[in-house]
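Hi,

Here is the structure I promised to pass on. Have a look at it first, and then read my notes below.

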Amino acid sequence: MKLTDPKMLAALPELDVEHVSGASLKDRTSLGIGGSTDLLLIRRHNSLPALITLLHDAGVAFRFLGGGSNLLVSDGDLPWVVLQLERQDPEVLLEGNMAIVDAAADLGRTVTFCAKHDLGGMEGLIGVPGTVGGALRMNAGAYGMQIGSYARQVEMYRAATGEIVTLTGGDIRFEYRHTSFAPDDIMLAVRLELPSKPFREILQGIRICNEKRRSSQPLNQKSAGCIFKNPPGASAGRMIDELGLKNLRVGDACVSERHANFFVNLGEATSGDMLGLIGQVRDRVQHAFGVELENEVILWPAQ
Ligand code: EPU
């Protein structure tokens, strides 16, 4: 979608919003798949409500992009614009055991920054790509921990009221790869309470998790992490592997040889290729195990 309304284009700089015309989402998602549309980069995060009102009033559809690491976007000309928060400087403020983190902050960098200040707990999240806001909204987790356990306060744009609100930890439900945020809520900042630990101890934990991840996941290939959620008490990766589906291909979309719940883009995969592969694998697992796998990856179809 191309923004052409001169009144809207003139209003954007006043809100400290940068307009990138015809941005390719291929370049902004870890899968390297996606069509093009106009991108609005929000430098001043509290201008989000005014920006959304502007878009609503002009009848412009939009979607909100975090780090793009858990996302499968449709190809071609996309019928909505994309909003994204620009990185802030600094992205993390520390107050004792509290880390106040901007939603656009890189998750890995945040874990390392906190570690250097003797705040641990998030070692398992090292190597999880994406932003802190994205990790929070889906309650990212690995190696026995999840980010929601540390969230004490969340500042967010609540779409239902069009306002920025602050929720305390008790107001939010964090479950396995799921939270009680509404789908159109937008994370702005989080206050994490982290346990004190000496840097060297945290570093050791980080090294162990890094090593486990390197040996079991295809980190140097384009992917969206795990495609499916694990069904209760089972591993989607193991089930797909047991069916011999590693290396199954549709076009350039391929089930990873290293971890069967990672589907990688070998080069020029389209969203159709990836959706085809997801459908085939889901059907095979359903047929063999009677289990309907649920997507962990978020789909942005062109509609
Ligand atoms: N396994 C296989 N073949 C495979 C993959 C896994 O046999 O191709 C086996 C493993 O040997 C292991 C079991 O399945 O015995 C579980 O595998 P793994 O430890 O890799 O964990 P997972 O359940 O596949 C989950 C998360 C990952 C997270 C890891 C480590 C989900 C859907 N996946 O994977 O998160 O990194 O644990 O904690 O919850 C993600 O969410 O995108 C993600 C990658």
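D241 has a polar side-chain atom 2.7 Å from a nitrogen atom of the ligand, and an N or O atom in the side chain of R213 is 3.4 Å from a ligand oxygen. Taken on its own, the ligand has 810 Å² of accessible area, and the protein covers 73% of that (areas by the Shrake-Rupley method with a 1.4 Å probe; for residues, only the protein chains shown count as cover).

Some housekeeping: this is a predicted model, where local features need pLDDT of at least 70 and side-chain atom pairs count only at pLDDT 80 or more, while totals for chains, interfaces and linings use all residues. Numbering starts from 1 along each chain as its sequence is written, and side-chain values use heavy atoms, with hydrogens and water left out.

Back to the ligand. It is surrounded by 20 residues, and the closest are Y176, N230, R238, D241 and E296 (a residue is near if one of its heavy atoms lies within 4 Å). By class, the shell has 7 nonpolar, 7 polar and 6 charged residues; here Ala, Val, Leu, Ile, Met, Phe, Trp, Tyr, Cys and Pro count as nonpolar, Asp, Glu, Lys and Arg as charged, and the others, Gly among them, as polar. Which helix gives the most to the shell around the ligand? That is α6 (residues 236-242), with 3 residues. Helices (H or I, at least four residues) and strands (E, at least two) are DSSP runs, numbered from the N terminus.

Now the sheets. Two strands pair if DSSP finds at least two bridges between them. Inside it, β10 (residues 151-158) and β14 (residues 186-193) run antiparallel and are joined by 6 bridges. V154 stands opposite V190 in β14.

Another open sheet has 4 strands, ordered β1-β2-β5-β3, with mixed pairing. At its edges are β1 (17-24) and β3 (62-65), each pairing on one side only. Strands β2 (residues 36-42) and β5 (residues 81-85) run parallel, with 4 bridges between them, and I42 has L85 as its bridge partner in β5.

Finally, two backbone details. In general, most residues other than glycine have a negative phi, and most peptide bonds are trans. The bond from D89 to P90 is cis, with omega near 0°, and P90 is in the loop between β5 and β6. D118 is not a glycine, yet it has a positive phi of about 60°; you will find D118 in the loop between α3 and α4 (132-137).

Cheers

Terms used. Polar contact = N/O pair within 3.5 Å; in protein donor to acceptor, adjacent residues only side chain to side chain.
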